[in-house]
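Thanks for coming. Please look at the screen.

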Amino acid sequence: HVCCGALHAHNGDLEGARHLARGTIAAFDAVRGPSGAPATVVVNSAGCSAQMKEYHKLLQDDPAWRERAAAFSARVRDFNEFLADEARPELEAALGEAQPAVRAPITFDDPCHLCHGQGVRQQPRTLLDALPLQRVEIEESESCCGSAGLYSTLRPDDAREILAPRLDALKRSGAKTLVTANPGCHLQWQSGVAARGWDVEVLHVAEGPDRSLR
């Protein structure tokens, strides 16, 4: 269990990020699938998966790690794209028996590191649409919620100001459950909903069949 270095990179500590990237690569190098090939690395934090897919750029000037970083980055899949693109039969079989205790309508907030950083947009919606629940879109779903790596910690007042119009959009959507795919966004939305006293639940897309999609 090692840190991928995403928050270090977000805050400009690139040397610290490189150190942690090397440790992450080393930790997963020996992990093999049933065929003996390097196993896919599935990541359920959009900020982390975006960072890990960029290791080949982060370490491109390190001759000892450049090729290892490129090979590792090619193995990384965000949870949403892996489940929607590569595990659809298993997903559909599991959801065929699911009785999700999630209040509808549900809506999905696109974490910036998922939609802008990785181009993953449709896959989380595919997962949610596999549930027998009404899904609605939230206005400007690809706009930042204010979490932004360490931004909500280092500049909380500014982060809350960024979140405010997103909360207004959530209210207009009528959603009773907001689903996201990044822990920073998850916490940011939870804090905003609690501050307004709303009866809206915030969930990660990976939370279970009695909640969402574990």
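How do the residues of the lining of the largest pocket divide into nonpolar, polar and charged? They divide into 13 nonpolar, 12 polar and no charged. Here Ala, Val, Leu, Ile, Met, Phe, Trp, Tyr, Cys and Pro count as nonpolar, Asp, Glu, Lys and Arg as charged, and the others, Gly among them, as polar.

Before going on, a word on the source. This is a predicted model, in which local features need pLDDT of at least 70 and side-chain atom pairs count only at pLDDT 80 or more, while totals for chains, interfaces and linings use all residues. Residues are numbered from 1 along each chain as its sequence is written, and side-chain values use heavy atoms, with hydrogens and water left out.

Back to the pocket. A pocket is an open set of points on a 1 Å grid over the protein atoms alone, where a 1.4 Å probe fits, with protein on both sides within 12 Å along at least five of seven lines; lining residues have an atom within 4 Å of a point. The largest one has a volume of about 390 Å³, volume being the space filled by probe spheres set on the points, which are joined across faces, edges and corners. Its lining has 25 residues, and L7, S147, G149, N182 and G184 lie nearest the centre.

Which helix gives the largest share of that lining? That is α12, with five residues. Helices are DSSP runs of H or I with at least four residues, strands are E runs of at least two, and both are numbered from the N terminus. Among the others that supply at least two lining residues each are α1 (6-10) and α3 (46-52).

Now the salt bridges: a side-chain nitrogen of Lys or Arg within 4 Å of a carboxyl oxygen of Asp or Glu. The structure holds 17.

Take R166 and D109, at 3.1 Å, N to O. R166 is in helix α11 (residues 156-173) and D109 in the loop between β3 (106-108) and α8, so the pair ties together parts 57 residues apart in sequence. R166 counts as buried because its relative accessibility is 3%, and D109 is also buried, at 1%. Buried means under 20% relative accessible area, exposed over 50%, and partly exposed in between, with a 1.4 Å probe and protein chains only.

R121 and E142 also form a salt bridge, with the closest N and O atoms 2.6 Å apart. R121 is partly exposed at 32%, and E142 is partly exposed at 28%.
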